[in-house]
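Let's take a walk through a protein model, one feature at a time. Have a look at it first, then read on.

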Amino acid sequence: MQPSPAHHDERLSAPRSWWGITALAGLACALMLLPLGTLPLLAGLVGGAALTGMLVSSYGSARVRVVNGALAAGDARIPVTALGEPEVLEAEEARAWRTYKADVRAFMLMRSYVPTAVRIEVTDPADPTPYVYVSTREPQALAAAVRAAKAAAAKA
């Protein structure tokens, strides 16, 4: 299957500093087991680092894609025909839409470590969701991909 011209694929991976915290959590687990001996210390180091590593990895595994006429953000898959015009949000405006401007009915794929986002109105009258808020490191590219996918869907 070839990607369409409206293709966008991004993984919202966790920042490097979180992986440093993972190593520190493993060290903390090791130090807690230090009085029990060397083998428990090593088990705590490996186990603690592995557990926190899995948590960081799973949180950072969210993907944002525009492919085959749909916006896939995390577990949600929304056809571009049900979406309005995408609005690119710079850091300050994105923070506003995450906090005091937010609507509880909106679908939000937020990552605190990604400062920019795209907000897209949901135009489907049967859907109670007013808009989709998606954190993205490439807001211009995501908005362009949604526009291109909408144009391709309108031609079809």
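Which helix gives the largest share of the nonpolar patch? Helix 2 does, with four residues. Keep in mind that what you're looking at is a predicted model.

## A greasy patch on the outside

The patch sits on the surface and is built from Leu24, Leu27, Leu31, Leu34, Leu39, Leu42, Leu45 and Val46. Together these residues have about 790 Å² of accessible area. Helix 1 (16-32) and helix 2 (38-59) each put in at least two residues.

Leu34 is worth a click, as its place is in the loop between helix 1 and helix 2. With a relative accessible area of 48%, Leu34 is partly exposed.

## The overall layout

Now zoom out. The protein chain has four helices and eight strands, and from the N terminus on they run β-α-α-β-β-β-β-α-β-β-β-α.

How does the chain's radius of gyration compare with that of a compact globule of 156 residues? The globule would come out near 15 Å, but this chain has 20 Å. Its C-alpha atoms fill a box of roughly 70 × 40 × 25 Å along the principal axes. Of the 156 residues, 38% count as buried.

## Rings that meet

Searching the whole structure turns up four aromatic pairs. One of them is Trp18 with Tyr59: the ring centres are 5.8 Å apart and the planes are at 20°, so this pair is stacked. Trp18 belongs to helix 1 and Tyr59 to helix 2, so the pair ties together parts that are 41 residues apart in sequence.

Tyr113 is in the loop between strand 6 (107-109) and strand 7 (117-122), so here the parts being tied together are 54 residues apart in sequence. Is Tyr113 buried or exposed? At 15% relative accessibility, Tyr113 counts as buried, because the cut-off for buried is under 20%.

## Charges over rings

The charged end of Arg111 sits over the ring of Tyr59, 4.2 Å from its centre. Elsewhere, Arg119 lies over the face of Trp97, at 4.0 Å from the ring centre.

## Opposite charges pairing up

Side chains of opposite charge can pair when their charged atoms come close. How many salt bridges does a search of the whole structure find? The count is seven.

Take Asp9 and Arg63, whose closest N and O atoms are 2.4 Å apart. Asp9 is in strand 1 (residues 8-11) and Arg63 in strand 2 (residues 63-67), so this pair ties together parts that are 54 residues apart in sequence. Asp9 is partly exposed at 38%, and Arg63 is partly exposed at 34%.

Glu92 and Arg95 also meet in a salt bridge, at 2.7 Å from N to O. Both lie in helix 3 (residues 91-98), three residues apart, which is about one turn of the helix. Glu92 counts as exposed at 53%, while Arg95 is partly exposed at 37%. Arg105 and Asp103 form a salt bridge at 2.9 Å, and there's a network too, linking Glu87, Arg119 and Glu121.

Key
Residues are numbered from 1 along each chain as its sequence is written. This is a predicted model: local features need pLDDT of at least 70, side-chain atom pairs count only at pLDDT 80 or more; totals for chains, interfaces and linings use all residues. Side-chain values use heavy atoms; hydrogens and water are left out. Patches are made of residues with over 30% relative accessible area and no salt bridge: like charges are joined within 9 Å, nonpolar side chains (Val, Leu, Ile, Met, Phe, Trp, Tyr) within 5 Å. Accessible areas come from the Shrake-Rupley method with a 1.4 Å probe; for residues, only the protein chains shown count as cover. A salt bridge is a side-chain nitrogen of Lys or Arg within 4 Å of a carboxyl oxygen of Asp or Glu. Buried means under 20% relative accessible area, exposed over 50%, partly exposed in between (1.4 Å probe, protein chains only). Rings of Phe, Tyr and Trp (its six-membered ring) pair if their centres lie within 6.5 Å; planes under 30 degrees apart count as stacked, over 60 as edge-to-face and the rest as tilted. A charge sits over a ring if NZ of Lys or CZ of Arg is within 6 Å of the ring centre and within 35 degrees of the ring normal. The radius of gyration is taken over C-alpha atoms; the globule rule is 2.2 Å times the number of residues to the power 0.38.
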